[in-house]
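This report describes a structure of two chains for a reader who meets it here for the first time.

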Amino acid sequence: MAKSKKISVDRRGFLKGAAAGAAALVAKPEAAKAQEAAEVHRPATPAPLPGAKQTASETAPPPPRLDVWTTDRPGSDFMVDVVKTLGFEYVAANPGSAFRGIHESIINYGGNKAPELLTCCHEESSIAMAHGYAKIEGKPMLVMAHGTVGLQHASMAIYNAYADRVPIYLLLGNIQDVAWRRSDVEWAHSVQDAASMVRDYTKWDDAPVSLGHFAESAVRAYKIAMTPPMEPVVIVADAVMQEEPIPTADRGRLTIPKLTLASPPAGDYGAVKQAAKMLVDAENPVIIAGRVARTPEGVDLMIQLAETLQAPVLDRHFRMNFPTAHPLYNAGSVGSADVVLGLEVPDMWFVTHTQTPVNRMGMEAKRITRTDAKVITIFAGDLSGKSNYQDFGRYDEVDLAIAADAQATLPLLIEECRKLITTDRKSALKQRGAKLAEVSKRNRERDIEQAAWAWDASPISTARMAAELWNQIKTEDWSLVSDVTFVSWWPRRLWDFDKHYQFIGGHGAYGIGYGAPAAVGAALANKKHGRISVNIQCDGDLNYAPGVLWTAAHHRIPMLNIMHNNRAYHQELMYVEDMAARARRGVDRAGIGTAISDPNIDYAMMAKAYGMFSEGPIDNPNDLGPAIQRALEVVKKGEPAMIDVVTQPR
Amino acid sequence: MHRLFLLASLAAAAIIPGMSQTPAGDAANGKRLFLRDGCYECHGYAGQGGRDGARIAAIALNPQGLIRYVRAPGGAMPAYTDKVITDRELTDIHAYLQTLPKAKPAKDIPLLNALEKK
């Protein structure tokens with residue numbers, strides 16, 4: 001590695017030209033100016049006075065020739081060149097010294113465009129924002145973090161993304177060379193093998209030792225992240241390599257490899273033909289949809305498959321796979337099926353089994369499929385696997401397992417099914433479809449009738465909240481950027497989802513703290529399309545890293561946040577209740593350690609503190625609709641807003 | 001995380017005509033117990049049911065049926081013994097459940113009626 005350039009003050013070589021010009025283009029947001037002003041007027045904490053030596057060094061005229069350290073081409077500029085070829089729109093980061101070089105290059109050399117830096121208040125938020133963004137945009141957001149403390153903050157969110165099969169591109173800073181660590185802080189913030197901490201739940205990583213190596217590994221990492229099964233990748237950017245000049249010898253020969261994404265793996269032709277025959281011959285096939293639709297085309301293919309077979313689709317709510325108003329949606333059952341087709345279902349065993357209820361001794365499992373039922377899976381998870389973290393779930397006995405990406409396999413499967421369907425068969429399938437449409441209709445009517453219960457209750461029912469929201473957004477171009485698990489799936493039961501971007505599923509590994517930042521990331525992806533992003537935000541989740549509300553306000557990310565404020569870590573409350581009942585004691589004490597009350601948290605005030613429009617707490621259901629309407633007006637102007645709704649538990 | 005406390009068979013479990021001799025319960029005390037002992041956690045404050053528990057507002061079971069079910073639930077609900085909740089207390093809870101309002105027909109609620117007409 002070349003040494004730093006040492007030059008005299010009379011021929012200082014600070015960055016000029018394009019990089020400096022680009023920096024001048026970066027306008028400082030009004031919010032940032034206001035913040036600076038506030039800092040100037042903040043009551044000062046008394047600081048120790050400088051000593052005589054320091055005073056002299058800072059006030060005396062400089063010697064005529066003083067060696068200072070500058071560089072006109074730090075290695076981090078080249079790293080930004082590499083990053084720009086990968087097409088990132090944004091880079092999310094909580095600032096950290098280990099990547100200060102590339103941070104500076106992004107905002108100055110790179111002009112803070114493509115990628116644009118997003119100021120995050122926690123690394124967990126950075127990753128989860130990238131998680132939500134990728135599920136809307138279909139590609140990764142760049143994230144930067146410290147190789148030690150930053151990655152430690154980020155790790156849970158990385159595990160979520162890994163389990164959710166979402167590509168995250170993480171660039172870690174680290175000071176590998178002991179001689180370059182400036183202080184005990186930088187010793188504590190350095191690590192021998194940064195990525196080792198998350199290697200169990202990332203797909204690939206590297207710690208390049210030269211800029212050429214960085215370019216090659218950076219491009220390779222992107223390709224790997226984007227090949228199903230998609231998962232997070234990590235590149236370690238050595239701080240010395242960032243901050244030192246590009247070696248003179250490298251300047252004319254550094255190149256950036258061309259990125260060519262791999263086509264997703266489609267299923268073996270013979271196996272797909274066999275699956276088609278089983279499905280076409282079946283009398284009661286059922287399709288289980290997991291993380292099938294990676295793109296809008298995936299939804300179209302799912303419709304084609306279901307309609308070709310006139311088979312019902314049971315959705316696991318991991319992705320937007322199938323329109324909820326389609327007559328084949330939610331119209332069948334696994335227990336009555338003679339062929340079960342699982343498409344990217346990570347928990348197939350739980351689809352085909354029940355376990356002993358918690359109130360019985362032991363833990364026995366029972367298969368719920370018919371004894372003559374055949375099970376087919378198409379699952380990219382079969383193409384890779386790691387052993388330590390157990391998100392792979394229980395081994396399921398199936399009859400035909402196709403290791404492939406389901407969406408990439410669907411065109412062939414549909415074609416093969418169509419070839420096998422005779423005119424007579426088509427007529428029989430049509431009759432089946434008509435019966436299933438009746439079932440789907442009845443299921444929907446049942447949901448609507450159930451929604452009427454507790455309609456006027458306070459706290460407000462989650463069904464009422466979902467219905468009030470739908471009433472306000474149904475004529476907009478909307479996108480639900482949050483999970484539905486903790487609100488009894490009401491939006492999926494009452495709203496009409498038919499576009500890929502209208503639903504992004506959940507956490508992946510159920511790591512709480514995902515919800516708010518993932519929603520912000522997804523809303524950011526929706527922003528350029530002018531969509532109304534709706535986030536039903538759990539209270540417990542928001543309290544992990546609420547600073548993401550500031551990120552949304554600061555970056556003017558329009559989104560409607562509706563607090564599902566049930567004032568508890570409610571899942572855990574139920575678990576403790578369960579344990580108390582089992583232990584035959586203290587069933588009235590389950591709220592200890594699980595309730596989020598006394599005092600109640602004022603989320604509207606919290607949102608205001610972070611610079612966001614807000615109203616609430618609202619506990620009268622009749623006040624909810626008008627409040628949502630007012631918040632929606634703010635969102636339509638390009639700002640985030642929050643309504644704090646005091647809700648029923650689920 | 002996804003364990004469901006479904007009481008799907010609750011309604012059909014024990015409507016036992018011959019066992020309606022139980023003294024009437026105290027609905028006010030039942031409400032207190034409903035909240036204190038965590039019934040609302042899975043069944044909702046209004047007994048409306050949800051992801052984790054069946055609807056129990058305006059319950060069809062008689063008090064003895066409810067007691068029998070709570071002692072040995074058929075679904076995934078944990079069993080509550082008489083050590084943590086007595087028959088008398090369950091009778092009071094039953095009386096409270098009877099006071100919870102039934103739902104209006106969805107067609108009488110404009111937002112839900114709009115969904116039905118879809």
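## Helix packing in chain A

In α6(A), the residues S125(A), A128(A), M129(A), A130(A), H131(A), G132(A), Y133(A), K135(A), I136(A) and E137(A) meet P517(A), A518(A), A519(A), V520(A), G521(A), A522(A), L524(A), A525(A) and N526(A) of α18(A). Two residues are in contact if their C-beta atoms, placed from the backbone, lie within 7 Å. By class, this contact of α6(A) with α18(A) has twelve nonpolar, five polar and two charged residues. Ala, Val, Leu, Ile, Met, Phe, Trp, Tyr, Cys and Pro count as nonpolar, Asp, Glu, Lys and Arg as charged, and the others, Gly among them, as polar.

This is a predicted model, in which local features need pLDDT of at least 70 and side-chain atom pairs count only at pLDDT 80 or more, while totals for chains, interfaces and linings use all residues. Residues are numbered from 1 along each chain as its sequence is written, and chains are lettered from A and ligands numbered from 1 in the order in which they are written.

Two packed helices are described by the angle between their axes and the distance between the axes. Helix α6 of chain A covers residues 123–137 and helix α18 of chain A covers residues 515–527; their axes come within 6 Å and cross at roughly 45°. Axes are lines fitted to C-alpha atoms, for helices over the stretch in contact, and angles run from 0 to 180 degrees between N-to-C directions. α6(A) and α18(A) are therefore oblique to each other; angles under 35 degrees count as roughly parallel, over 145 as roughly antiparallel, 65 to 115 as roughly perpendicular and the rest as oblique. The crossing of this pair, α6(A) and α18(A), is right-handed, a term used if the near helix is turned clockwise from the far one by less than a right angle, with left-handed for anticlockwise.

## Helix packing in chain B

Helix α4 (residues 63–71) of chain B packs against helix α5 (residues 87–99) of chain B at an angle of about 120°, and their axes are 9 Å apart. That angle makes α4(B) oblique to α5(B). The crossing in which α4(B) passes α5(B) is right-handed. On the α4(B) side the contact is made by P63(B), L66(B), I67(B) and V70(B), and on the α5(B) side by D87(B), L90(B), T91(B) and H94(B). These residues of the contact of α4(B) with α5(B) comprise five nonpolar, two polar and one charged.

## The two chains

Helices (H or I, at least four residues) and strands (E, at least two) are DSSP runs, numbered from the N terminus. A residue is buried if 20 or more other C-beta atoms lie within 10 Å of its own, exposed if 12 or fewer, and partly exposed in between, with C-beta atoms placed from the backbone. The table lists secondary structure and burial for each chain.

| Chain | Secondary structure | Buried residues |
|---|---|---|
| Chain A | 23 helices and 20 strands | 51% of 650 residues |
| Chain B | six helices and zero strands | 47% of 118 residues |

Among contacts in chain A between residues at least 6 apart in sequence, those joining residues at least 24 apart make up 81%. In chain B, 74% of the contacts with a separation of 6 or more are between residues 24 or more positions apart.

Where the chains meet, 36 residues of chain A are in contact with 38 residues of chain B. On the chain A side, α15 (423–451), α16 (462–473) and α21 (570–583) each supply at least two residues. The largest share of that side, seven residues, comes from α21(A). The residues of chain A that touch chain B divide into 20 nonpolar, six polar and ten charged.

## Domains of chain A

An automatic or database domain assignment gives chain A domain 1 (58–250), domain 2 (269–383 + 391–446) and domain 3 (452–646). The centres of domain 2 and domain 3 of chain A, taken over C-alpha atoms, are separated by 31 Å. Their contact takes 14 residues from domain 2 of chain A and 14 residues from domain 3 of chain A.

## Two residues of chain A

A631(A) is found in helix α23 (residues 621–636) of chain A. A631(A) is buried, because 24 other C-beta atoms lie within 10 Å. Apart from neighbours within four places in sequence, A631(A) is in contact with L560(A), F613(A), E615(A), A641(A) and I643(A).

V68(A) lies in strand β2 (residues 67–69) of chain A. With 14 other C-beta atoms within 10 Å, V68(A) is partly exposed. V68(A) and R418(A) are 350 residues apart in sequence and, C-alpha to C-alpha, 74 Å apart in space.
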